[in-house]
Structures are given as structure tokens and as C-alpha cells.
Amino acid sequence: MAAEKKPDNINIPPFETEDLRRNLVTFLDSEFDDAITGGKRRIGNFRWGVYIFYDYDGEPIYVGQTNEMLRTRIRRHLTNQRTDAVAMSVLDPFEVYEIEVFPLPQFQDINSTTDRAAARAHLNALEYAVFGKAIAGSQFKAILNEKDPPVPTVSIEIPPSFKLRVVSDEVANIRSHPDFRIARRSLIISRLAQVISERKVQGGLRRVLLTQAKRLQWLAERRYLALGGAASVETENGDEGEND
């Protein structure tokens, strides 16, 4: 008996997964001015920096920092599901439309313990500043981080940043539809609520759940009003709906 032929596309990732990987490579390989060397460096190759993820409404949704390399940290968030934020359903990679990064080229090649301590203090201060920037720029005055960054011990200025979308027009047309986003956000809220119900958690996760609920309500209300609001609530035969 002949062996069953496997589909030709068995080793090909789903279209949206491949799209994200391709656009993420474009983003991370984009060149950015290195103020220390005077040359250019691929944005993903900066070791130290802070990043913001934005959703399809331009809302900041998550802020993070890294000292292992922007490329490594951002890819871990969006492509392999291995970060706590993704695993706990705090951050949904499907919601990420744009990424903004704030590299710190002055700490690219540090080695000593003293230098690393100074760099860490600067990185924490930058995360605190960018976190505040994200909160101020959010219409909900909240983002999805489970924890607030530590209070800074040094004064810094927010450095130049680089921002780019990481989804194609084709994927954007699918994911940006309000009904898709409402369904997806409802799914993430359900997963997060299940995590909370099954574990002993701190208040941070409950704050994330509350923020996500507000964001879902806002999406649902906007969709409802866009389709006519109360005027659209009718039965199939054209009569106004009545309670049973």
C-alpha cells in the first residue's frame, strides 16, 4: 500500500506567522544612527534599550527593557511565546501593530561591573520615563504591564527613537476589522481570567485584566455606535426587539 502523500505546505508556517517574522526582520535590520561611533547600526543589534508596542489604534500597550539585545528580546515576545507577558496572556502578539525602540548606544561595549551598574541605573530610568510617556499617551491612562518600573535613581533624557509597523497591509486588513479585534481581545481576557483563577497572583495581573476589560468595552461600544447604536437594534422582521 502506497504511503499517504503529505501536503506540500506542511513545513510552511501560517501566512500571518510568516508575515510577522518577515516584517520583524525588516524592522530589526533597519539602520539607526549610532551617536557614539558616528556610524549606523542595525536597530536590533543595540544591546541596551527600551521598547513600546502599539496596537491598531496607535495605543501604547506594553513597555519593556533589555540589556541582552533588542533583537533577542523583541523576537522572544512576538515569535516564540516564551516570555511571561505572553504566556500569562498579558500581551497578545496579534495586537502589536507598531514597535518603537529607544536604543542606548553608549552602553554597547561595557564590561566592568561598575559600568554595568551605571548602565542599569540609566536603563531603569529610561524605562520609567518611557513608561510615563506611554501612560500619558494612552486614552485609558493605562497600559498592560503587570509591574511598574522602579523609581529612577539618576536623571536622564529620553534619547531619539525608531518606530515602524510590523504587519503588512494584507494582515492589517484582516486583524484591524473591529469584530475580529473584539473576538480576539475577548479570548485573551478569558485566558487571563483563567490564569488569575488558577494561581495565587498579585494585584498587577488584576490591574491588567481591568485595563483589558476597559479596552474591550471601548472597542465594543465604538463598533455598536458605528453600526447605528440603539437605532440598529431590531428584530429580523423589522420590529423593535422585545424582552421575552
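I kept in mind throughout that the model is predicted.

**Entry 1: Gln 108**

I started with Gln 108 and found it in the loop that links β5 (98-103) to α4 (113-137). I then looked up its relative accessible area, which is 7%. Gln 108 counts as buried because that value is under the 20% cut-off. Next I listed its contacts, leaving aside neighbours within four places in sequence: Arg 41, Asn 45, Phe 46 and Arg 47.

**Entry 2: the largest pocket**

I moved on to the largest pocket, and its volume came out at about 420 Å³. I found 21 residues lining this pocket, with Tyr 62, Arg 73, Asn 145, Glu 146 and Lys 147 lying nearest its centre. Which element gives the largest share of the lining? It is β4, with four residues. I also noted that β4 (60-66), α2 (70-79) and α3 (84-87) each supply at least two lining residues. Sorted by type, the lining has eight nonpolar, five polar and eight charged residues.

**Entry 3: the cores**

My last stop was the largest nonpolar core, which has 31 residues. Phe 27, Phe 53, Ile 74, Ile 99 and Val 101 have the most contacts inside this core. Several elements each supply at least two of its residues, among them α1 (15-28), β3 (49-54) and α7 (203-226). The largest share, four residues, comes from α1. I took a look at Ile 99 too: not counting residues up to four places away in sequence, its contacts include Leu 24, Phe 27, Ile 52, Leu 78 and Phe 162. I also jotted down a second, separate core of 16 residues, including Trp 48, Val 50, Leu 126 and Ile 143.

Key. Residues numbered from 1 in each chain as written. Predicted model: local features only at pLDDT ≥ 70, side-chain atom pairs only at ≥ 80, totals over all residues. Heavy atoms only, no water. Buried < 20%, exposed > 50% of the residue type's maximum accessible area, 1.4 Å probe, protein only. Contact = heavy atoms within 4.5 Å. 1 Å grid on protein atoms, 1.4 Å probe; cavity = no way out; pocket = protein on both sides within 12 Å on 5 of 7 lines; lining within 4 Å. Points joined across faces, edges and corners; volume = space filled by probe spheres on them. Nonpolar A, V, L, I, M, F, W, Y, C, P; charged D, E, K, R; others polar. Core = buried A, V, L, I, M, F, W, Y, C linked by side-chain atoms within 4.5 Å.
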